[in-house]
Protein chains: 2
Amino acid sequence: MASNDLLKGMLKPIILKLLLENGKMYGYEITQLVKEISGGEIELTFGALYPILHKLEVEGIVKTESEVINNRNRIYYSITQKGNSKAKEKIAEFEEMVKTLKVFFKPNFGLKYEFIG
Amino acid sequence: MASNDLLKGMLKPIILKLLLENGKMYGYEITQLVKEISGGEIELTFGALYPILHKLEVEGIVKTESEVINNRNRIYYSITQKGNSKAKEKIAEFEEMVKTLKVFFKPNFGLKYEFIG
DNA sequence: CAAATATATATAACTTTCTTATATATAAAT
DNA sequence: ATTTATATATAAGAAAGTTATATATATTTG
């Protein structure tokens, strides 16, 4: 049972999904893309993003490469070969959870008592 | 912008949805129904449930009535008249967020770079 | 008939996640 | 010259949820 771990931690699988699709991305880019894709609904703050990214790095799921672009240091994050299956697993769990959540707003799905006559 | 409040607080709107549909429910009943509807995916623990319920009561969104059934005290929770629109509002926000989350796993939706040749 | 499981409400300690605030710095636009 | 956009990062605090604990009755199973 997923036991609500995914209710809190939705940002992590979103980040993993975007990294997996794009090969490599830098932090600022991730925040902007999340905002864009969600139509401004989800704001991924830096205070949320970087701890997640750093933790994923420690776990060996993402790796970093530094590049200087326009005189600024830019740090690219990408999924490691080792972390690939783990990332896909977490994304799949996330997708499963979103499907489960959908069930809760089917009209009358959770209805226990029904007027029958 | 919803700014991630809904990513964490998904249990609250789920509870409100079930209460709104069923008129009144007691705590244990809510946990069982959540488990049933989610196919065992979501376990609403008591430690999560009761603080939410008590907070909603303080806010005036739910009210309680006590009943003794089978020699046990049972506490029914229901949406107040005053809390009705607020509850519907929170449920609507929740549904909106689930729709937003769905967007993240459309294939290639978040893809920035595409192989064109 | 004893033990385990299901029913029932609730609190407290703890952990994780996320928000808000802060620090630093360059580039472009107004 | 100031503001806005780009860029990374940490720290303090709040909120949500987990796990453990307490209490108690009813039902089922061995």
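B:Pro13 is buried, with 23 other C-beta atoms within 10 Å; buried here means 20 or more other C-beta atoms within 10 Å of a residue's own, exposed means 12 or fewer, partly exposed is in between, and the C-beta atoms are placed from the backbone. This is a predicted model, where local features need pLDDT of at least 70 and side-chain atom pairs count only at pLDDT 80 or more, while totals for chains, interfaces and linings use all residues. Residues are numbered from 1 along each chain as its sequence is written, with chains lettered from A and ligands numbered from 1 in the order in which they are written.

**Around B:Pro13**

- B:Pro13 is found in helix H2 of chain B; helices (H or I, at least four residues) and strands (E, at least two) are DSSP runs, numbered from the N terminus.
- Setting aside neighbours within four places in sequence, B:Pro13 is in contact with B:Lys90, B:Ile91 and B:Phe94, where contact means C-beta atoms, placed from the backbone, that lie within 7 Å.
- B:Leu33 sits 20 residues from B:Pro13 along the chain, and their C-alpha atoms are separated by 14 Å.

**Chain A at a glance**

- Chain A has five helices and three strands, and they come in the order α-α-β-α-α-β-β-α along the sequence.
- Of the 117 residues in chain A, 28% are buried.
- Take the contacts in chain A between residues at least 6 apart in sequence: 47% of them join residues at least 24 apart.

**The sheet in chain A**

- Three strands make an open sheet in the order E1-E3-E2 (chain A), with antiparallel pairing; two strands pair if DSSP finds at least two bridges between them.
- E1 and E2 of chain A are the edge strands, each pairing on one side only.
- H4(A) packs on this sheet and touches E2 and E3 of chain A, its direction making about 120 degrees with that of E2(A); axes are lines fitted to C-alpha atoms, for helices over the stretch in contact, and angles run from 0 to 180 degrees between N-to-C directions.
- Strand E1 (residues 25–26) of chain A is joined to E3(A) by two bridges, running antiparallel: A:Met25 stands opposite A:Tyr77, and A:Tyr26 stands opposite A:Tyr76.
- Strand E2 (residues 62–69) of chain A pairs with E3(A) in the antiparallel sense over eight bridges, and A:Val68 stands opposite A:Asn73 there.

- E2(B) and E3(B) run antiparallel and are joined by eight bridges; B:Val62 has B:Ile79 as its bridge partner in E3(B).

**Nonpolar core**

- The largest nonpolar core has 52 residues, and A:Leu19 and B:Leu19 have the most contacts inside it; such a core is a set of buried Ala, Val, Leu, Ile, Met, Phe, Trp, Tyr and Cys residues joined through C-beta atoms within 7 Å.
- A:Leu19 touches A:Met25, A:Val62, A:Tyr77, A:Ser78 and A:Ile79, not counting residues up to four places away in sequence.
- A:Ile15 lies in helix H2 (residues 11–22) of chain A and is buried, with 27 other C-beta atoms within 10 Å.
- Leaving out neighbours within four places in sequence, A:Ile15 is in contact with A:Ile30 and A:Ile52.
- A:Leu56 is 41 residues from A:Ile15 in sequence and 10 Å away in space, C-alpha to C-alpha.

**The DNA surfaces**

- DNA strand C is surrounded by 28 residues, the closest being A:Gly47, A:Asn71, B:Asn4, B:Gly27 and B:Tyr28; a residue is near a strand if its C-beta atom, placed from the backbone, lies within 6 Å of it.
- By class, the surface near DNA strand C has 12 nonpolar, 11 polar and five charged residues; Ala, Val, Leu, Ile, Met, Phe, Trp, Tyr, Cys and Pro count as nonpolar, Asp, Glu, Lys and Arg as charged, and the others, Gly among them, as polar.
- DNA strand D has 27 residues around it, the closest being A:Asn4, A:Gly27, A:Gly47, B:Gly47 and B:Asn71.
- The surface near DNA strand D divides into 12 nonpolar, 10 polar and five charged residues.

Conventions
Contact = placed C-beta atoms within 7 Å.
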